[in-house]
Amino acid sequence: TNGSAPAVPSDQYDSLYLSPVTVGSSTLHLDFDTGSSDLWVFSSLQAQSSLVGHDYYMVDPAKEKQGYTWKISYGDGSGASGKVYADKVVVGGVTATAQAVEAATAVSAQFTQDVDTDGLLGLAMSTLNTVKPQQQKTFFDTVLKQLAQPLFAVDLKYHAAGSYDFGFIDKSKYTGAINYVNADTSKGWWGVSATAYSIGNASTSATVSGILDTGTTLLYVDTPIVKAYYAKVKGSKMDNTQGGYVFPCSATLPDFSLTIGGVKQIVPGKHINYSPTSAGNCFGGIQTNDGIGFSILGDIFLKSKYVIHEMGSTPRIGFAQQ
Ligand SMILES: CC[C@H](C)[C@H](NC(=O)C[C@H](O)[C@H](CC1CCCCC1)NC(=O)CCNC(=O)[C@H](Cc1ccccc1)NC(=O)N1CCC(N)CC1)C(=O)NCc1cnc(C)nc1N
């Protein structure tokens, strides 16, 4: 089998993308996240007050995996925890009959406030799953054998609805060739490395190692590259109150690219104007990864591409131009 689910921006800045998923008998809107490996949902186990505005999973005690718990914390300091059930999960017509569904008993304030997100569906390696006493499989791992091809493809768009394809490559969603590179899955993520970057027409050799992450809004790279980029943006500055580089909203932003597998993967300058700030300037889509130790190729990087994540005998990543 194969299937496709829409990926709809949650707001006008593409802060995150939401996809409809049937969990048990409810349809929830989940954030598909290639940067983590837990499928967790808002649930009837939570206090009613934290469910306001959310769709949520009505737990069935008969389906509980007794004694199983989960607890996850994310790079932005948010987190959630709860109990585990085995239930039917359907994504774009692809069905996992006994998928580990992690029902929240508690979520951090960021999740309670974001009434559009009813949970996350992790698409990194199952080695990062947080369920105890026994790690559980991601949805992708659960359905892998029933898929026509062992892959999913990510088609996030700039200020528009895109999609996640499971088990097939949709030729109508890209132009030109697909450029494949081996994925480094040793740390549990979809890892890639670049051999150069370019700002406008100027190319610089550098090793940029990072992870593809649909759950991260922006593009985080090494500080010297970020400094070199904003040196080309008149009036740009690092604004600690805003938490990153900002610039006049009228600025023209150069394109940025990373050379992966010998091919320049270009991020259009337009995509790098992420959003206006409360201070009357605009917030950059490229920011520093200081302290993380690797780059995070988030939505700003992904939303101009069709990216195939193939879990074959050698995991591979394929890049094509939308
Ligand atoms: C099993 C854990 C799992 C692998 C975990 N994975 C991740 O954190 C990466 C994962 O992709 C998560 C998935 C997020 C989590 C929050 C909700 C949305 C999805 N990504 C991040 O945490 C990256 C940083 N966060 C983001 O990119 C959030 C996402 C968001 C968007 C809208 C509303 C709310 C949140 N957006 C922003 O920061 N921005 C958008 C809004 C703008 N005003 C500022 C920039 C991890 O590494 N955790 C280890 C970890 C824990 N604690 C910390 C402090 N750092 C850590 N790395």
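Helices (H or I, at least four residues) and strands (E, at least two) are DSSP runs, numbered from the N terminus. The model is predicted: local features need pLDDT of at least 70, side-chain atom pairs count only at pLDDT 80 or more, and totals for chains, interfaces and linings use all residues. Residues are numbered from 1 along each chain as its sequence is written, and side-chain values use heavy atoms, with hydrogens and water left out.

**View 1. The largest pocket and its lining.** β3 (26-33), β5 (64-73) and α1 (109-113) each give at least two residues to the lining of the largest pocket. A pocket here is an open set of points on a 1 Å grid over the protein atoms alone, with protein on both sides within 12 Å along at least five of seven lines; lining residues have an atom within 4 Å of a point. The volume of this pocket is about 1000 Å³. Volume is the space filled by probe spheres set on the points, with grid points joined across faces, edges and corners. The lining counts 36 residues, and Tyr74, Gly75, Asp76, Gly215 and Thr216 lie nearest the centre. By class, 15 are nonpolar, 15 polar and six charged. Nonpolar covers Ala, Val, Leu, Ile, Met, Phe, Trp, Tyr, Cys and Pro; charged covers Asp, Glu, Lys and Arg; the others, Gly among them, count as polar.

**View 2. Residues around the ligand.** The ligand is surrounded by 24 residues, with Asp33, Ser73, Gly75, Asp213 and Thr217 the closest. A residue counts as near if one of its heavy atoms lies within 4 Å. Polar contacts are pairs of N or O atoms within 3.5 Å. Aspartate 213 places a polar side-chain atom 2.7 Å from a ligand oxygen atom. Threonine 217 has a polar side-chain atom 2.9 Å from a nitrogen atom of the ligand. At aspartate 76, a polar backbone atom is 3.1 Å from an oxygen atom of the ligand.

**View 3. The second largest pocket.** This pocket holds about 160 Å³ of space. Its lining includes Asp184, Lys187, Trp189, Ile211 and Phe294. β12 (190-199) and β13 (202-212) are the elements that give two or more residues to this lining. Four lining residues are nonpolar, six polar and two charged.

**View 4. The cavity.** A cavity is a set of grid points where a 1.4 Å probe fits but cannot get out. The structure holds one cavity of 30 Å³ or more. The largest cavity has a volume of about 30 Å³. Leu123, Ala124, Met125, Thr138, Phe140, Asp141, Trp190 and Met311 form its lining. Six of these residues are nonpolar, one is polar and one charged.

**View 5. The seven-stranded sheet.** The strands of this open sheet follow the order β18-β17-β12-β13-β22-β14-β21, with mixed pairing. Two strands pair if DSSP finds at least two bridges between them. β18 (263-267) and β21 (286-288) are at the edges with a single partner strand each, so one side of each lacks a neighbour in the sheet. β14 (residues 219-221) pairs with β21 in the parallel sense over three bridges. Valine 221 has threonine 288 of β21 as its bridge partner.

**View 6. The four-stranded sheet.** This open sheet is antiparallel and has the order β15-β16-β20-β19. β15 (237-239) and β19 (273-276) each have a single partner strand, so one side of each is left without a neighbour in the sheet. Three bridges join β19 to the antiparallel strand β20 (residues 282-284). Asparagine 273 stands opposite glycine 284 in β20.

Note on methods:
A polar contact is a pair of N or O atoms within 3.5 Å; within protein, one must be able to donate a hydrogen and the other to accept it, and residues adjacent in sequence count only if both atoms are side-chain atoms.
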